Amino acid sequence: MKVYRQFIAASYLILSAHWSSAEVTHPVNFNLSQAASFLSHDVDLVNLLQSPPDFSYDFELGINATHLRGAPVPYEPAAPAWRFAQIQNPNGVQVLQDPTTGNHYVKTFWEKGTGLDYDDNTQRKIQIYGEFGAHARQEEVWYFESFFPTEGFAYDNFPEIIVQLHGRPDACEYDRDPPLAIEVKQDDIIITWRHDERVCTPAGFSDWNERVRNLGPLPKDQLVSWIIHAAWDPNGNGALTIIVNNKVLFMEDNLFIGFEDDVSPYIGWGIYKFPLNSNHQSRTAYYDNFKQWIIK
């Protein structure tokens with residue numbers, strides 16, 4: 001897992017509380033990087049992260065989105081393909097290179113009041129989406145890195161989703177909420193997970209059996225490493241672990257999480273300003289080094 005210095009390189013000009021309903025967790029004082037092993041839902045994450053992933057991309061060849069809605073991205077057909085992109089403004093996605101290390105990474109940029117030529121949903125999003133999972137009971141681990149600058153990602157009363165694992169509706173359904181969303185609200189990391197065990201969720205249904213947890217402050221002005229381990233099961237045999245900067249912020253088994261769908265959730269990352277508002281004119285975040293391991 002390479003540490004790249006470009007996020008804090010002076011050569012780049014960075015553009016510029018808690019939920020009362022969310023139970024606050026306290027991080028486990030544990031350094032994953034110094035452990036010989038660490039079990040999450042019977043998966044040794046230390047050994048797993050040292051094994052070859054099922055999917056890996058570091059943006060060294062640029063970015064490739066097979067399908068696009070909204071503004072264009074700097075399309076590189078030789079790069080491994082993400083499935084879909086929703087881009088709110090022409091500067092929404094940029095692949096940058098650190099002048100010292102040569103490493104490439106992605107800048108995501110959301111700007112208030114832009115994207116009016118696009119649909120309402122696209123106006124809210126700078127998001128890149130991965131492929132659908134193989135089946136609804138898929139167990140998977142994601143690793144990625146991010147950077148949130150204080151100038152560009154300052155305290156905001158209006159939240160944004162930075163990563164989500166989103167459900168795909170079956171043929172008998174209209175829409176899905178994400179069974180897992182990681183958002184930032186007022187500088188705190190908020191996770192929401194949902195489940196619905198029915199084969200066909202009724203149209204217009206909105207009660208997603210939703211649980212919310214506050215994981216504490218979002219680290220800023222530093223490289224942030226994320227590990228997400230999810231075992232999808234809407235019937236109570238699921239699991240979720242979230243590790244940020246080698247600290248275990250959340251780990252629970254016997255969870256009701258996910259939907260009774262033909263395929264498992266797909267990842268979406270970037271800036272999803274779902275209230276379509278902000279205290280600031282723009283929001284900036286950086287991403288790199290996505291890896292996925294499929295357990296089963």
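The dialogue below goes through several features of a predicted model and how to read them.

User: What should I know about the model before reading it?

Analyst: The model is predicted, and local features need pLDDT of at least 70, side-chain atom pairs count only at pLDDT 80 or more, and totals for chains, interfaces and linings use all residues. Residues are numbered from 1 along each chain as its sequence is written, and side-chain values use heavy atoms, with hydrogens and water left out.

User: How many helices and strands does the protein have?

Analyst: Helices (H or I, at least four residues) and strands (E, at least two) are DSSP runs, numbered from the N terminus. Here they come to two helices and 20 strands. One of the helices is α1, residues 45-49, which holds L49.

User: Is L49 buried or exposed?

Analyst: Buried means under 20% relative accessible area, exposed over 50%, and partly exposed in between (1.4 Å probe, protein chains only). L49 counts as buried because its relative accessibility is 13%. L49 is 242 residues from K291 in sequence, yet their C-alpha atoms are 9.0 Å apart. Of the protein's 296 residues, 55% count as buried.

User: Which residues have the most contacts inside the largest nonpolar core?

Analyst: In soluble globular proteins, nonpolar side chains tend to be buried together. A nonpolar core is a set of buried Ala, Val, Leu, Ile, Met, Phe, Trp, Tyr and Cys residues joined through side-chain atoms within 4.5 Å. The largest one has 48 residues, and those with the most contacts inside it are W82, I182, W226, L240, W269, Y287 and F290. A second, separate core has 14 residues, including V43, L48, V141 and V248.

User: What is F290 in contact with?

Analyst: Contact means heavy atoms within 4.5 Å. Apart from neighbours within four places in sequence, F290 is in contact with F55, S56, Y57, F59, W82, W142, Y143, F144, I267 and W269.

User: Where does F274 lie, and what is F274 in contact with?

Analyst: F274 is in the loop between β19 and β20 (282-294). With a relative accessible area of 28%, F274 is partly exposed. Leaving aside neighbours within four places in sequence, its contacts are R124, P159, E160, I161 and E183. R124 is 150 residues from F274 in sequence and 5.5 Å away, C-alpha to C-alpha.

User: What volume does the largest pocket have?

Analyst: Rolling a probe the size of a water molecule over the atoms shows where empty space is left. On a 1 Å grid over the protein atoms alone, a cavity is a set of points where a 1.4 Å probe fits but cannot get out, a pocket is an open set with protein on both sides within 12 Å along at least five of seven lines, and lining residues have an atom within 4 Å of a point. The largest pocket has a volume of about 510 Å³. It has 24 lining residues, of which N121, K125, H166, R176 and Y272 are the closest to its centre. At least two lining residues come from each of β6 (81-87), β9 (125-129), β11 (160-166), β12 and β19 (266-272).

User: Which residues line the largest cavity?

Analyst: The lining consists of G167, R168, F259, D261, V263, S264 and P265. The volume of the largest cavity is about 30 Å³.

User: Where does Q186 lie, given its positive phi?

Analyst: Q186 has a phi of about 50 degrees although it is not a glycine. Q186 sits in the loop between β12 (180-185) and β13 (188-193), and is buried, at 14% relative accessible area. D221, also not a glycine, has a positive phi near 55 degrees. D221 is in the loop between β15 (211-217) and β16 (223-231), and is partly exposed at 43%.

Methods: Grid points are joined across faces, edges and corners, and a volume is the space filled by probe spheres set on the points.
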